[in-house]
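Thank you all for coming.

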2 protein chains.
Amino acid sequence: MIQTTSEENYLKTIFHHAGLSNNAVTTNDIAASLGTKAASVTEMLKKLSAQKLIRYKKYNGVTLTDSGTKQALLIVRKHRLWEYFLVEKLKFSWDEIHEVAEQLEHIQSETLVERLDTFLEHPRFDPHGDPIPDKKGIIKKSDSQKLIDVTEKKEAIVNLVTDQPELLRYLSKIGISIGSKLKVIEKNSFDQSMLLLINGKSKVHISSSIANNISVQF
Amino acid sequence: MIQTTSEENYLKTIFHHAGLSNNAVTTNDIAASLGTKAASVTEMLKKLSAQKLIRYKKYNGVTLTDSGTKQALLIVRKHRLWEYFLVEKLKFSWDEIHEVAEQLEHIQSETLVERLDTFLEHPRFDPHGDPIPDKKGIIKKSDSQKLIDVTEKKEAIVNLVTDQPELLRYLSKIGISIGSKLKVIEKNSFDQSMLLLINGKSKVHISSSIANNISVQF
DNA sequence: ATATAAATTTAGGCAAACCTAAAAATAATA
DNA sequence: TATTATTTTTAGGTTTGCCTAAATTTATAT
């Protein structure tokens, strides 16, 4: 079941809007994301529907079918593996990779993806911290990671904090608790300390020993 | 000066047919190589001509302009770098790489090519033994390589042999001399010994110490 | 509940890159 | 040099994916 680049982009966009709970996605949202017009979207939705990749009823938005979800996840897999490659091997910076990965994700070759995955030693998260689906399109349950291992720019939710009263007191003072949303703004490669944005509001600098005692999930 | 994938494929095909001496290439030859029809080729030739990538006069075949040649060489560069990557890093075999490299060569990103080149440590020859143009589109004069460094399946011409009478005697006995055409049939990764086809006729097995004392060019 | 606004779909077009069939130019041969 | 054969070009067509403008459906607000 081979798609054109355009079909793949539509599937991916629908997937990103629908989220894992596969909510219905509107024509306009898709058009806005892809920078196309609603009329073009309607046209493509008919094609995808004919291929049973989406469920489409006029004026009603779309949801992905199982088959469509799987296709989308495989594209996401490719995208994220290539991003990992670009950063880890080619030393691209975080903000240069998207455009290139957008192109690489459309290369058609199962063998290529699997060998790339092997070469990269089966990374589980891309450079943004997003999970990489496996070859069956399965995303491992977002189990937690230590904050210290979280990649720059990634948003995460505090999951668990090592039960040390002193630490807990300190964290609550700076506004971090279970459920707090953290965004890693900067990682200092010298001492592994981090600059965080907490709940989209306050910035805080924490040392590696603290980061090492906080677990987060995505 | 960005091309479509199709334009790039036409340029590359013209380049391959024209060779380094830039002979005129016919409409029919291009059509045959690309698996398209002559009428489609004519159409595309007009486009490329308008961009001054080729010199085109009706019924007269085409030649590449300097600008066209440079574009073509940059595509060839990308193709060969990716082939090298596929074989050396992803462990593709020699015969699986072409189709994938055909896709990868069209990824648009100068940065990507240059970082890939750096990552691969500036390889000078692709897995078929063909030279990789540099970022300016220049192919280094095909200077010689040690036979021992020649990649499997590649044909080469004997250039120079270390001046050791004993070696020379042995080589002449097995039919190798300056100007002999050698094809590397097999390289034994254990002891670096090689199985060679000499002048398209006889097969000979040589040890690494001998291969180390023979220079070849392509 | 009805009028207005917003979202979606339909209808008709355009450009790229392909096609077939016919016409024109060039090449080959009696 | 005619005449045939081959190559190349031109003149319409097709498909994909996009567009605008108009029509239709759904949502919102008085």
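Predicted model: local features only at pLDDT ≥ 70, side-chain atom pairs only at ≥ 80, totals over all residues.

Residues are numbered from 1 along each chain as its sequence is written, chains are lettered from A in the order in which they are written, and side-chain values use heavy atoms, with hydrogens and water left out.

Let me start with the interface, where 21 residues of chain B are in contact with 21 residues of chain A, contact meaning heavy atoms within 4.5 Å. The two chains bury about 1,600 Å² between them, 71% of it on carbon and sulfur atoms; this is the accessible area (1.4 Å probe) lost on putting the two parts together, summed over both. On the chain B side, B:L90, B:Q103 and B:R115 lose the most area to chain A, together 31% of what that side buries.

The rule finds 2 salt bridges across this interface, a salt bridge being a side-chain nitrogen of Lys or Arg within 4 Å of a carboxyl oxygen of Asp or Glu. The side chains of B:E96 and A:R115 meet in a salt bridge, at 3.0 Å from N to O.

Turning to the helix, the buried residues of α5 of chain B, residues 97-104, are B:I97, B:V100, B:A101 and B:L104, where buried means under 20% relative accessible area (1.4 Å probe, protein chains only), and helices are DSSP runs of H or I of at least four residues, numbered from the N terminus. These buried residues pack against α5 (97-104) and α6 (110-119) of chain A, together with α4 (66-88) of chain B.

Technical notes:
Buried < 20%, exposed > 50% of the residue type's maximum accessible area, 1.4 Å probe, protein only. Helix = DSSP H or I, 4+ residues; strand = E, 2+ residues; numbered from the N terminus.
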